[in-house]
Amino acid sequence: MGYIRAEEILPVEIIELIQQYVDGTNIYIPRKQENRQEWGTKTAYRLELRDRNRLIYRDYLSGRRIDELAEVYFLSEKSIQRILRQEKLSHGGLA
C-alpha cells in the first residue's frame with residue numbers, strides 16, 4: 001500500500017490539527033463503513049482458497065488421513081481440521 005503526502009490533498013488547517021495529535025508519524029485513515037469491501041473481493045484468491053478447501057474435503061472423503069492432507073497442502077493438521085469442519089457444515093453435515 002502506497003501513501004499520499006498530506007500536503008497534496010489536505011488543507012493546511014487540517015494538517016495543523018492532525019499535527020496536534022501526531023507530528024511526523026504515518027497514520028492510517030480507514031475507509032468509511034459504507035465504502036469498505038470484504039476481504040478478497042479485489043483478487044481471485046478467495047475463490048482459489050474455496051477451491052483448495054473443496055479439494056481437501058474431497059480428498060478426505062476419499063480416504064486420505066488428516067496428516068497426509070496437511071503434508072500435501074502444506075498446512076497444519078489444525079488448519080486441515082478447521083477446513084474439514086467448515087466444508088462439512090457447508091455440505092449439510094455430510095460425512
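Author: The model shown here is predicted. I begin with the largest pocket, to whose lining helix 1 (6-9) and helix 2 (12-19) each contribute at least two residues. The space in this pocket amounts to about 1,100 Å³. Its lining consists of 29 residues, and those closest to the centre of the pocket are Tyr 3, Ile 4, Ile 27, Tyr 28 and Ile 29. By kind, the lining residues comprise 14 nonpolar, eight polar and seven charged ones.

From the pocket I turn to the helices that follow. Helix 3 is formed by residues 45-61, 17 residues in number. From first C-alpha to last, helix 3 reaches 24 Å, which is close to the 24 Å expected at 1.5 Å a residue. Four residues of helix 3 are buried, namely Asn 53, Ile 56, Tyr 57 and Asp 59. These four lie on the same side of helix 3, because the arc they cover around the axis is only 160°. The buried residues of helix 3 pack against helix 4 (66-73) and helix 5 (77-90). Just after helix 3 comes Gly 63, with a positive phi of about 115°.

Helix 4 may be described in a similar order. Its buried residues include Leu 69, Ala 70 and Tyr 73. They are placed on the same side of helix 4, because they cover an arc of only 100° around the axis. The partners against which the buried residues of helix 4 pack are helix 3 and helix 5. Just after helix 4, a positive phi of about 55° is taken by Phe 74.

How values were computed: Residues are numbered from 1 along each chain as its sequence is written. This is a predicted model: local features need pLDDT of at least 70, side-chain atom pairs count only at pLDDT 80 or more; totals for chains, interfaces and linings use all residues. Side-chain values use heavy atoms; hydrogens and water are left out. On a 1 Å grid over the protein atoms alone, a cavity is a set of points where a 1.4 Å probe fits but cannot get out, and a pocket is an open set with protein on both sides within 12 Å along at least five of seven lines; lining residues have an atom within 4 Å of a point. Grid points are joined across faces, edges and corners, and a volume is the space filled by probe spheres set on the points. Ala, Val, Leu, Ile, Met, Phe, Trp, Tyr, Cys and Pro count as nonpolar, Asp, Glu, Lys and Arg as charged, and the others, Gly among them, as polar. The expected span of a helix is 1.5 Å times one less than its number of residues. Buried means under 20% relative accessible area, exposed over 50%, partly exposed in between (1.4 Å probe, protein chains only). The arc is that of the directions from the helix axis to the C-beta atoms. Contact means heavy atoms within 4.5 Å.
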